[in-house]
Amino acid sequence: MRLPKHLKKILTATMIIFSLLFTVSFAKAKDVVVIRVGEYEGKPGKRTERLIDWNKPLYPLTPLGELMEYNINKPIAIRIVNELRKINPDLEVVLQDTTSSEEDLNAAGRLALNKFGDRLRVYFSVHTNACEAKDANGYMFITGGNATWSDNKLADNLSEAMANNPYVRQRNNMYNANYIGELNVVDNFNTIAVLGEFGFFTNDKDLDNLTKDEYIDYIARNVANEISSLLNKIDKNKK
């Protein structure tokens with residue numbers, strides 16, 4: 001029995017739809033990397049002296065002419081997200097933009113973990129440092145109180161990858177820092193959790209470099225490459 005042409009078309013279309021639905025339903029969900037903008041908009045993490053002559057539109061000032069850490073961290077975090085999406089499309093890369101005081105260090109990590117569960121492979125928080133001593137400078141990486149080998153390995157790899165940069169000097173990393181709440185919340189054997197401090201915005205030289213696209217691009221390339229590389233090595237060793 002030969003089917004009419006219109007029925008053949010309907011049957012063919014139905015089979016294609018069912019095939020696509022079957023493929024989608026069994027497709028493996030992507031692993032997730034969360035890049036967090038450290039601090040939140042308006043939080044006191046700021047350069048306290050008035051910067052009346054500061055004229056770099058990338059970083060808006062408070063009405064008092066103060067520079068907020070959040071405004072430095074955000075463009076760095078965005079650049080990392082874009083770079084990681086470009087070099088590893090197999091990952092779902094999410095920007096976590098913490099916009100209120102209710103989403104503090106602990107809550108931010110918990111939100112990510114609750115949303116993505118076991119798919120959350122890396123939680124990386126972008127920060128810049130501050131100190132009353134104006135000569136304090138340099139970048140460093142920090143892991144949480146329950147840090148695993150993978151956490152410390154990513155911190156080490158990042159520190160080494162950026163060691164010869166011409167912008168901001170290398171400082172010693174901090175491992176197993178119990179006060180870093182967000183890392184302690186996220187920290188488990190499935191998630192790599194690291195916090196990056198990319199310079200002191202209270203230091204004039206560091207701050208000048210933190211405003212440069214060259215340094216922001218340098219950070220983004222190295223963070224994206226090291227995250228992707230470490231995940232690939234871990235997954236390869238599992239096979």
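Guide: Ring pairs link Phe124, Tyr139, Phe141 and Phe198 into a cluster. This is a predicted model: local features need pLDDT of at least 70, side-chain atom pairs count only at pLDDT 80 or more, and totals for chains, interfaces and linings use all residues. Residues are numbered from 1 along each chain as its sequence is written, and side-chain values use heavy atoms, with hydrogens and water left out.

Visitor: What counts as an aromatic pair?

Guide: Rings of Phe, Tyr and Trp (its six-membered ring) pair if their centres lie within 6.5 Å. Planes under 30 degrees apart count as stacked, over 60 as edge-to-face and the rest as tilted. Here the count comes to five aromatic pairs. In one of them, Phe124 and Phe198, the ring centres are 6.2 Å apart and the planes stand at 45°, so the pair is tilted.

Visitor: Where do Phe124 and Phe198 lie?

Guide: Helices (H or I, at least four residues) and strands (E, at least two) are DSSP runs, numbered from the N terminus. Phe124 lies in strand 5 and Phe198 in strand 8 (residues 192–200), so the pair ties together parts that are 74 residues apart in sequence. Phe198 also pairs with Phe141, edge-to-face, at 5.7 Å centre to centre and 80° between the planes. That pair links distant parts of the chain too: Phe141 is in strand 6 (residues 140–144), 57 residues from Phe198.

Visitor: Are Phe141 and Phe198 buried or exposed?

Guide: Buried means under 20% relative accessible area, exposed over 50%, partly exposed in between (1.4 Å probe, protein chains only). Both Phe141 and Phe198 are buried. Phe124 is buried as well, at 0%.

Visitor: Now the charges. How many salt bridges are there?

Guide: Side chains of opposite charge can pair when their charged atoms come close. A salt bridge is a side-chain nitrogen of Lys or Arg within 4 Å of a carboxyl oxygen of Asp or Glu. A search of the whole structure finds eight. One of them joins Arg121 and Asp235 (3.1 Å, N to O). Arg121 sits in strand 5 (residues 120–129) and Asp235 in helix 7 (residues 213–238), 114 residues apart. Arg121 is buried at 9%, whereas Asp235 is partly exposed at 26%. A network of salt bridges links Asp31, Arg121 and Asp235.
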